[in-house]
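Biologist: I am new to this structure and would like to learn how to read it. Where do we begin?

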Amino acid sequence: MPTHNTDIAAAFDELADLLEIKGENPFRIRAYRSAARTIGDLGEDVQAKVEKGEDLTQIAGIGKDLAAKIGQMVITGRIAYLEELRQEMPAGLMDMLRLPGLGPSGSRYCTTISTSRVWSNWRPRPRRGKSRN
C-alpha cells in the first residue's frame, strides 16, 4: 500500500496531539509538528526515498528517531508508537480532537475534568429570579 507524504504528516500531527494531551515535553511535541510540516511540504516522495535506502536524516528537522518512524510507516503502514499512544487515551478522545476549536489542550482539560471526583459530584445551581421562558 503506498504511503504518501500527507499520510506521514498526518500521523506525526496526531502523535504531537497525543503527546500534548499527555503533557509530554514541549520540545518533543514541536519536533513532531515541525516534521509533519516538513514532510507535508516536501516536494519529493518520502516512500521512494525509503525504498531507495536514502538517509532521511538529510531532510531538515528529521533525526534518527523520526526517520525510523517514517521508515516503519512506509514499510508496515503504521507507527507502533502511535498505536500505543492511542491505546493509552480514553475512549472518545480522538473524536473530541476533531471538534472545531477544541484542540489537544482543550481535550486534555475535558478528560481531566471528566475523570475527577469534582465533576462527578457537580450539580447545577438553582436558578434565582425570573425564568426567561
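Modeller: With accessibility: a residue is buried under 20% relative accessible area, exposed over 50%, and partly exposed in between. Lys22, with a relative accessible area of 35%, is therefore partly exposed. Keep in mind that this is a predicted model.

Biologist: Which residues of H2 are buried?

Modeller: Ile29, Tyr32, Ala35, Ala36 and Ile39 are buried in H2. They lie on the same side of H2, because the arc they cover around the axis is only 125°. Pro26, Phe27, Arg37 and Asp41, on the other side of H2, are exposed.

Biologist: What covers the buried residues of H2?

Modeller: The cover includes helix H1 (5–22), helix H3 (46–52), helix H4 (64–76) and helix H5 (80–88).

Biologist: How far apart are the end C-alpha atoms of helix H2?

Modeller: They are 22 Å apart. Helix H2 has 16 residues (residues 26–41), and at 1.5 Å a residue these should span 22 Å, so the two values agree. At the start of H2, the backbone nitrogen of Phe27 has a side-chain oxygen of Asn25 within 2.8 Å.

Biologist: Which residues touch the most other members of the largest nonpolar core?

Modeller: Such a core is a set of buried nonpolar residues joined through side-chain atoms within 4.5 Å. Here the largest one has 30 residues, and Phe12, Ile62 and Ile70 touch the most other members. H1, H2, H3, H4 and H5 are the elements that give two or more residues to this core. With nine residues, H1 gives the most. Apart from neighbours within four places in sequence, the contacts of Phe12 are Tyr32, Ala35, Ala36, Leu66, Lys69, Ile70 and Ile79.

Biologist: How many salt bridges does the structure hold?

Modeller: Side chains of opposite charge can pair when their charged atoms come close. The structure holds nine salt bridges. One of them joins Glu14 and Arg86, with the closest N and O atoms 2.7 Å apart. This pair links distant parts of the chain, as Glu14 is in helix H1 and Arg86 in helix H5, 72 residues apart.

Biologist: Is Glu14 buried or exposed?

Modeller: Glu14 counts as buried, because its relative accessibility is 16%. Arg86, at 32%, is partly exposed. Glu14, Glu83 and Arg86 are linked in a network of salt bridges.

Biologist: Which residue does Glu88 meet in a salt bridge?

Modeller: Glu88 meets Lys22, at 2.9 Å from N to O. Glu88 lies in helix H5 and Lys22 in helix H1, so the pair ties together parts that are 66 residues apart in sequence.

Terms used:
Residues numbered from 1 in each chain as written. Predicted model: local features only at pLDDT ≥ 70, side-chain atom pairs only at ≥ 80, totals over all residues. Heavy atoms only, no water. Helix = DSSP H or I, 4+ residues; strand = E, 2+ residues; numbered from the N terminus. Expected span 1.5 Å × (residues − 1). Buried < 20%, exposed > 50% of the residue type's maximum accessible area, 1.4 Å probe, protein only. Arc of directions from axis to C-beta. Contact = heavy atoms within 4.5 Å. Polar contact = N/O pair within 3.5 Å; in protein donor to acceptor, adjacent residues only side chain to side chain. Salt bridge = Lys/Arg side-chain N within 4 Å of Asp/Glu carboxyl O.
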